[in-house]
Amino acid sequence: MAKKTTPKKKKTSNKKRSFGQKIFRFIWKSILWFNIVSLFFVLLYKFVPVPFTPLMIIRAFEQKANGKEMSCSHDWVSIENISPNLQKAVIASEDGLFLEHNGFDFNSMLKAYESNKKGKKIKGGSTISQQTAKNVFLWQGRSYVRKGLEAYFTFLIELIWSKERIMEVYLNSIEMGDGVYGAEAASKHWYHKQAKNLTRHEAAGIAVILPNPRKFKASNSSSYINGRKAKISKYIGYTKLSY
């Protein structure tokens, strides 16, 4: 009897081992391919314009679900054709240390955490680099998984892209109105001109609505938005831009 039962136990053990190995191999290959694919796209977008973002697709389906016409205004232009006024304005509005940090502003993240912990208005504390990583490669949301992937892609673009390239992709990809994406489309939508011709005040108007571009207006704005525009315009006047 002992001779008959021993092989059965060994076979069961071998089956369990082989199943466990298959799971391990599957996870390992998945991680490996994810890294290969993500690295490929980060390298690709170092040189090639980003044609669309996940948010553009999500917003289009939201429009359809709400019975609206699906619209997406997005015109890619090089950073040379985006006014330095707008580049300075988004730094002032979104990430004052953009040219200094390596993708993460830990002091701002800590302040945002403390503010949210106290039950105050939710603040993200995300840098321009983090927002670029999220807009180009990921979906919207506040899950730990998405935040972890955001940190991963932020590290990659800071490592592989220049600050100027990050700014170029950011200003060409971010939502700047309802169905409006990027500096060129936003300039035409709000001010009927090209992005390279934006004045300080106009650039400040676009930058100040970025936290909620579907709620706020860059032109014909509220008194609150106009006050923020004035502050950002002053910043633009005495700031030098050097990548």
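Biologist: What does the secondary structure of the protein chain come to?
Modeller: This is a predicted model. The chain has ten helices and three strands.

Biologist: And which pattern do they follow along the sequence?
Modeller: Read along the sequence, the pattern is α-α-β-α-α-α-α-α-β-β-α-α-α.

Biologist: How many of the 243 residues count as buried, in percent?
Modeller: The buried share is 40%.

Biologist: What about contacts between residues at least 6 apart in sequence: what percentage join residues at least 24 apart?
Modeller: That share is 69%.

Biologist: Switching to Ser 173. Where is its place?
Modeller: Ser 173 belongs to helix H7, which covers residues 163-173.

Biologist: Buried or exposed, and why?
Modeller: Ser 173 counts as buried because its relative accessible area is 4%, and buried means under 20%.

Biologist: What does the side chain of Ser 173 reach?
Modeller: The backbone oxygen of Val 169, at 2.8 Å.

Biologist: Which residues does Ser 173 touch, not counting those up to four places away in sequence?
Modeller: Among them are Val 50, Trp 76, Val 136 and Tyr 181.

Biologist: Now the outside. How much accessible surface does the chain have?
Modeller: About 14800 Å², and 60% of that belongs to carbon and sulfur atoms.

Biologist: Which residues form a nonpolar patch on the surface?
Modeller: Phe 24, Trp 28, Leu 32, Trp 33, Ile 36, Val 37, Phe 40 and Phe 41. Together they have about 870 Å² of accessible area.

Biologist: Take Phe 41. Where is that residue found?
Modeller: In helix H1, residues 2-44. Phe 41 is partly exposed, with a relative accessible area of 33%.

Note on methods. Residues numbered from 1 in each chain as written. Predicted model: local features only at pLDDT ≥ 70, side-chain atom pairs only at ≥ 80, totals over all residues. Heavy atoms only, no water. Helix = DSSP H or I, 4+ residues; strand = E, 2+ residues; numbered from the N terminus. Buried < 20%, exposed > 50% of the residue type's maximum accessible area, 1.4 Å probe, protein only. Polar contact = N/O pair within 3.5 Å; in protein donor to acceptor, adjacent residues only side chain to side chain. Contact = heavy atoms within 4.5 Å. Patch = residues over 30% accessible without salt bridge, like charges linked within 9 Å, V, L, I, M, F, W, Y side chains within 5 Å. Areas by Shrake-Rupley, 256 points an atom, 1.4 Å probe, with all protein chains shown as cover. Salt bridge = Lys/Arg side-chain N within 4 Å of Asp/Glu carboxyl O.
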